[in-house]
Amino acid sequence: LEYRPKESGLGESYEQLFPPLMTAALWEKGKVPALARLLQAYLRQAGPSLVAHTQPILGIFQKLLASRQTEEHSFMVLNAAVSYFPPGHLNAHMATIFQLMFTRLRGHRTPKFVSLICNFFAIFIGNYGAEPFVQILNGVQPGMALMVVKDVWSNAIQANPPVQRTQAKTEAVGLTRLLCDSSIMLSDPASEVAWAAGFSAAVKLIGSPTLKDSNVIADLGDDEYVEVSYDAQFSQLQFAKRPVDDPFPDVADPVATFCQSLSRLSSQHPGRLGPLIQQGLTGDEKLASGFQSLIGNGLVTLLELA
């Protein structure tokens with residue numbers, strides 16, 4: 001199914017196999033890795049035709065999210081739903097989805113879970129937009145969007161930046177769109193503090209060897225948190241690894257996209273970004289030097305007040 005031409009659809013056999021996949025009792029821990037990969041493949045191949053199954057798919061996500069052993073697979077399912085359902089289809093469910101995530105985050109703030117949730121932020125922004133991300137989070141709790149950007153996402157990148165190129169690219173694209181496409185992120189002093197923190201994290205991502213050099217770490221379709229073990233119900237086959245799924249294949253160069261977006265934002269707000277950029281880079285000479293090299297090479301243009 002992963003290699004089936006998209007224009008060919010599911011076909012009768014795969015259509016008949018799908019309804020049993022929605023049976024909650026089927027999703028026992030030993031079967032989850034294979035089932036999550038299969039459901040991800042279904043959504044990638046025929047997401048719009050599966051919208052009638054939204055509720056059971058979200059139920060599977062919630063079930064998998066509740067366990068440390070299956071939380072990674074819960075995000076495989078959710079990321080695929082956000083990416084391959086019609087744009088905006090999950091709007092009515094997103095407040096509840098974010099509440100579930102943050103409830104688990106409060107009691108289970110591990111580097112692995114924080115990495116998964118930050119990667120989801122980027123995928124959601126890339127598919128639904130920066131403004132809906134901010135508005136939905138603030139609907140859950142006033143001011144939550146700024147807190148998440150500053151205290152969760154930016155801190156996570158500074159402490160434990162992604163080690164796989166695909167995730168580094170995904171988060172760079174998501175942060176770029178959040179910083180440069182959301183008017184809310186520059187609406188008041190509190191939002192400017194969050195913007196500066198997000199900017200610092202974005203500069204760290206685009207300057208990292210992981211993102212700049214695709215040979216540093218090969219993306220083989222496995223996550224960096226894989227627990228190596230044998231299970232009587234499931235065992236990973238060495239030559240059946242899932243293909244790498246780039247959420248933003250249309251973005252060929254995330255560094256150039258960041259630079260162009262930042263230059264555009266500066267032209268819209270002359271003189272506004274300089275102090276915020278300085279705030280975000282203060283105390284980190286390496287980041288400051290890296291950003292200055294972008295300006296020196298003509299990749300970023302900052303407009304000051306006349």
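K169 is buried, at 6% relative accessibility, where buried means under 20% relative accessible area, exposed over 50% and partly exposed in between, with a 1.4 Å probe and protein chains only. The model is predicted, so local features need pLDDT of at least 70 and side-chain atom pairs count only at pLDDT 80 or more, while totals for chains, interfaces and linings use all residues. Residues are numbered from 1 along each chain as its sequence is written, and side-chain values use heavy atoms, with hydrogens and water left out.

Let me stay with K169. Its side chain forms a salt bridge with D246, the closest N and O atoms being 2.7 Å apart; a salt bridge here is a side-chain nitrogen of Lys or Arg within 4 Å of a carboxyl oxygen of Asp or Glu. K169 lies in helix 9 (residues 165-181) and D246 in the loop between helix 11 and helix 12, so the pair ties together parts that are 77 residues apart in sequence. Helices are DSSP runs (H or I, at least four residues), as strands are (E, at least two), numbered from the N terminus. D246 is partly exposed, with a relative accessible area of 26%.

In the whole structure, the search finds nine salt bridges. Another of them joins R44 and D245, at 3.5 Å from N to O. This pair links distant parts of the chain, 201 residues apart: R44 is in helix 2 (residues 32-46), and D245 is in the loop between helix 11 and helix 12 (254-268). R44 is buried at 18%, whereas D245 is partly exposed at 26%.

Since K112 belongs to helix 6 (residues 111-128) and E72 to helix 4 (residues 71-84), the pair ties together parts that are 40 residues apart in sequence.

Of its 16 lining residues, the closest to its centre are V203, K204, G207, S208 and L287. A pocket is an open set of points on a 1 Å grid over the protein atoms alone, where a 1.4 Å probe fits, with protein on both sides within 12 Å along at least five of seven lines; lining residues have an atom within 4 Å of a point. Helix 14 gives the most to this lining, with six residues.
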